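Open the model in your viewer and keep the selection tool ready. The stops below go in order, starting from a loop residue.

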Amino acid sequence: MTQEEFKSLFGSIGEIESCKLVRDKITGQSLGYGFVNYVDPNDADKAINTLNGLKLQTKTIKVSYARPSSASIRDANLYVSGLPKTMSQKDMEQLFSQYGRIITSRILVDQVTGVSRGVGFIRFDKRNEAEEAIKGLNGQKPLGAAEPITVKFANNPSQKTGQALLTQLYQTAARRYTGPLHHQTQRFSDTHGSSLSLLPRFSPITIDSMTSLAGVNLTGPTGAGWCIFVYNLSPEADESVLWQLFGPFGAVTNVKVIRDFTTNKCKGFGFVTMTNYDEAAMAIASLNGYRLGDRVLQVSFKTSKQHKA
């Protein structure tokens, strides 16, 4: 979405004093959110009532009052797992709304079947409301659930901790395999309990090239976000394919398909940068092993060595 489209959408409600679509300072890409100041406060109410929940392409937009940052509203995002597959986003909101005002909520679904993965996120207005929801619902069985649900804070791991863990996994995997890899996958559970495939399942790769992929460290979050390596793309793949695949999971700041200089065809891999760690991790968990046409994609966090074409 461009600044002009953003202004046009919200300008349809009433006269705008100012508006800004927030962009990455380095890449210039939209970060997927913005701010609008209306001349008439009533138009702000109208915009929330009219545009909140509007579906735009693959996204459902959230419109609410902007709030000054403070300790009381930080880290109020919860990760919920073990939800019944039949539970809708509305049902989940109803379950959690007894503890406070919900700012956003989301249930993750399988991109192919559309079926719930039993995992969701709830962001409360205040940190203490999120704490009460954990006390009240963690380990409880909602109506219709066979198993208790897990409710915890969806805090991002620190860059140092995340890098150390992922580096250790790559190095362990590189030492373990001494021949060609045949669909072996090293897995670990992230802070949300999701099982993430971090060692790409490259059948034709030997241990020499695997060691170079393992690298000494992973590129952590840069100014642009978390970089994801996508392997086994078709020669015809272009940037739009990556936007469509990763866009539904969260804010994508940049995509790049690596092309052959002579033919301009895709060399079989590309990179996607996402702003948020949780969303990048979920995209990897969902898309690693995803069948695109006649190819099975291999998706992982980018290592320091994979920038070479």
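Select asparagine 264 first: at 52% relative accessibility it counts as exposed, where exposed means over 50% relative accessible area, buried under 20%, and partly exposed in between (1.4 Å probe, protein chains only). Asparagine 264 sits in the loop between S12 and S13; strands (E, at least two residues) and helices (H or I, at least four) are DSSP runs numbered from the N terminus. Its phi is near 65°, a positive value in a residue other than glycine. Most residues other than glycine have a negative phi.

This is a predicted model, with residues numbered from 1 along each chain as its sequence is written. Local features need pLDDT of at least 70, side-chain atom pairs count only at pLDDT 80 or more, totals for chains, interfaces and linings use all residues, and side-chain values use heavy atoms, without hydrogens and water.

Next, go to asparagine 232, in the loop between S11 and H7. Asparagine 232 is not a glycine either, yet has a positive phi of about 80°. Is asparagine 232 buried or partly exposed? At 23% relative accessibility, it counts as partly exposed.

Now select Ile228, Val230, Leu242, Phe246, Val272, Met274 and Val299, which touch the most other members of the largest nonpolar core, a group of 31 residues. Such a core is a set of buried Ala, Val, Leu, Ile, Met, Phe, Trp, Tyr and Cys residues joined through side-chain atoms within 4.5 Å. Elements giving two or more residues to this core include S7 (116-124), S11 (226-231), H7 (239-246) and H8 (277-287). H8 supplies the largest share, 7 residues.

Finish at a second, separate core of 19 residues, with Ile102, Phe124, Ala133 and Val151 among them.
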